[in-house]
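Subject: Structure handover

Hi,

Here is the structure for you to look over.

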Amino acid sequence: MDQRLLMQIPKVDVLLAEEPLVRLEADFTHDQIKDAARSHLQSLREGVLAGELAEIDPPEKVAEAVARTLESRGAYSLRPVINATGVVLHTNLGRSPLGEAVAEHVAEVAAGYCNLEYNLERGERGSRYNHVERIICEITGAEAAMVVNNNAGAVFLMLNTLCKGQGVAVSRGEQVEIGGSFRVPEIMVQSGARLIEVGTTNKTHEADYARAIGEQGASALLKVHPSNFAMVGFTESVSVAQLSDLARDSGALVLYDMGSAPLFPNEVAGLDNQETIRGVLRDGADVVCFSGDKLAGSAQGGILVGRRDLIERIRANQLTRMLRIDKLSLAALEMTMQLCRDPRLARREVPVVRMLSMTADELRGRAEALDEAIAAIGGVEHEVVAVKDEPGGGSLPDVLLDGYAVSVTVAGLAPAELERRLREASTPIVARVSKEQVLLSARTIMDGDVERVCAALSEIAQVGGEEPPAGGAER
Ligand SMILES: *Cc1c(COP(=O)(O)O)cnc(C)c1O
């Protein structure tokens with residue numbers, strides 16, 4: 001046994017003060033780091049005793065090894081964050097959170113086998129699409145429905161199946177780009193449909209579509225929800241009802257990419273005067289598609305509803321296989337839709353519905369509760385302020401929601417620096433910086449998040465304007 005080597009093994013305190021481990025305190029608790037350090041030191045000791053180690057690295061190198069182990073084992077690249085931005089369907093933060101009960105159901109389905117493509121009554125092969133068709137039809141009034149991986153895929157399949165090699169009229173005011181990669185004209189080219197541009201950027205009239213049918217042989221009229229922008233001033237577009245009147249004689253199809261549409265009744269979340277899926281189907285749209293994780297409040301998916309013969313053709317397209325929805329999204333979708341049948345349940349259990357339907361009074365109460373919790377930790381200046389929140393997700397570009405936030409300040413930290421430190425907390429907090437204020441919006445901070453927000457603020461306030469301590473004794 002080499003006594004000299006054993007003596008060279010660093011003490012836990014020394015190791016914890018090394019930079020690689022101090023750095024980890026943004027992502028791990030002190031105890032997690034200490035445990036990892038201890039067990040690494042133990043294995044070094046055993047290595048020496050077994051005569052397997054000829055030398056011991058300097059403390060900094062040992063700390064690096066501990067950090068590597070901890071990082072690879074404990075931290076994920078994809079992890080939960082706290083959304084304090086007030087943007088309900090935040091495109092960069094995973095859009096729609098699932099309700100707790102829905103998440104539990106998904107976990108249950110995920111943890112074992114399920115009847116994804118098995119007909120339990122007959123004991124034979126079934127279809128994954130059968131699990132949700134009936135309920136989608138019930139909610140939307142559609143004749144038939146199916147679901148694919150996402151809405152961009154739904155649009156592509158709809159065009160590829162129904163319009164390949166044929167002309168499709170789209171208003172110049174609706175040839176939009178969504179989320180940086182979904183561009184309507186490019187999707188059309190890829191699908192094999194021929195784009196017939198009609199109208200101008202701000203105004204498109206019925207006569208423009210009529211000419212596309214009569215003179216350019218359009219076999220379908222496609223409407224696209226402009227999603228992430230709103231036009232004001234002298235604008236004109238043609239409604240689904242007008243389009244279907246126009247299309248009737250020629251037999252052209254009326255297709256509509258709604259992007260974001262709710263599965264719950266609009267009044268539930270105060271979205272009155274918004275178009276509904278039921279409404280556009282009643283007005284004569286042949287196929288309508290929309291996302292599962294925007295206003296639908298569920299998991300990623302592209303939902304297609306409409307005429308049975310057309311939906312069946314889309315289902316039979318070979319490419320559908322490449323865009324098929326997975327079992328976890330299906331489980332989330334089915335349960336979310338069941339909850340949406342009952343407005344009370346939807347408000348309680350579907351976070352998107354809950355957040356959109358919160359009244360200003362309710363939000364002020366939530367902000368005040370957060371404010372009080374922050375007051376209790378000390379070291380943070382705080383104030384409840386009125387803010388405008390956004391539905392987000394390109395769902396309602398012209399809607400701003402009255403809300404409340406807590407504005408927070410820590411002495412010695414510029415707003416941008418405080419924003420950064422919140423983002424680096426062990427559960428990252430994404431805040432909004434507006435007019436030199438760091439705002440924590442009460443609408444999107446979920447009930448269970450308040451404690452973690454306070455813990456992060458408390459840590460930031462303790463460290464204050466200085467750099468985190470680089471060393472010191474074991475805490
Ligand atoms: C969001 C959106 C899409 C893309 O939907 P994904 O679910 O992100 O694939 C397509 N069209 C419109 C109008 C949209 O708003």
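For the cysteines, one cut-off comes first: a disulfide is counted when two cysteine sulfur atoms lie within 2.5 Å. Please note that this is a predicted model.

Cysteines

By that rule, the count is zero disulfides. Cys163 is in none, and the nearest cysteine sulfur, in Cys289, is 11 Å away. Cys163 is also buried, at a relative accessible area of 0%.

Ligand site

The shell around the ligand includes Arg95, Ile178, Phe182, His225 and Lys294. Also among its members are Asn150, Asn151, Asp257 and Gly259. By class, the shell residues split into three nonpolar, six polar and three charged. Two elements, α8 (151-163) and β11 (253-259), each contribute at least two shell residues.

An N or O atom in the Asn150 side chain is 3.3 Å from a ligand oxygen. At Asn151 the backbone takes part: one of its polar atoms is 3.1 Å from an oxygen atom of the ligand. Asp257 uses its side chain, with a polar atom 2.6 Å from a ligand nitrogen. Taken alone, the ligand exposes 380 Å², and the protein buries 94% of that.

Best regards

Note on methods: Residues are numbered from 1 along each chain as its sequence is written. This is a predicted model: local features need pLDDT of at least 70, side-chain atom pairs count only at pLDDT 80 or more; totals for chains, interfaces and linings use all residues. Side-chain values use heavy atoms; hydrogens and water are left out. A residue is near a molecule or strand if one of its heavy atoms lies within 4 Å of it. A polar contact is a pair of N or O atoms within 3.5 Å; within protein, one must be able to donate a hydrogen and the other to accept it, and residues adjacent in sequence count only if both atoms are side-chain atoms. Accessible areas come from the Shrake-Rupley method with a 1.4 Å probe; for residues, only the protein chains shown count as cover. Helices (H or I, at least four residues) and strands (E, at least two) are DSSP runs, numbered from the N terminus. Ala, Val, Leu, Ile, Met, Phe, Trp, Tyr, Cys and Pro count as nonpolar, Asp, Glu, Lys and Arg as charged, and the others, Gly among them, as polar. Buried means under 20% relative accessible area, exposed over 50%, partly exposed in between (1.4 Å probe, protein chains only).
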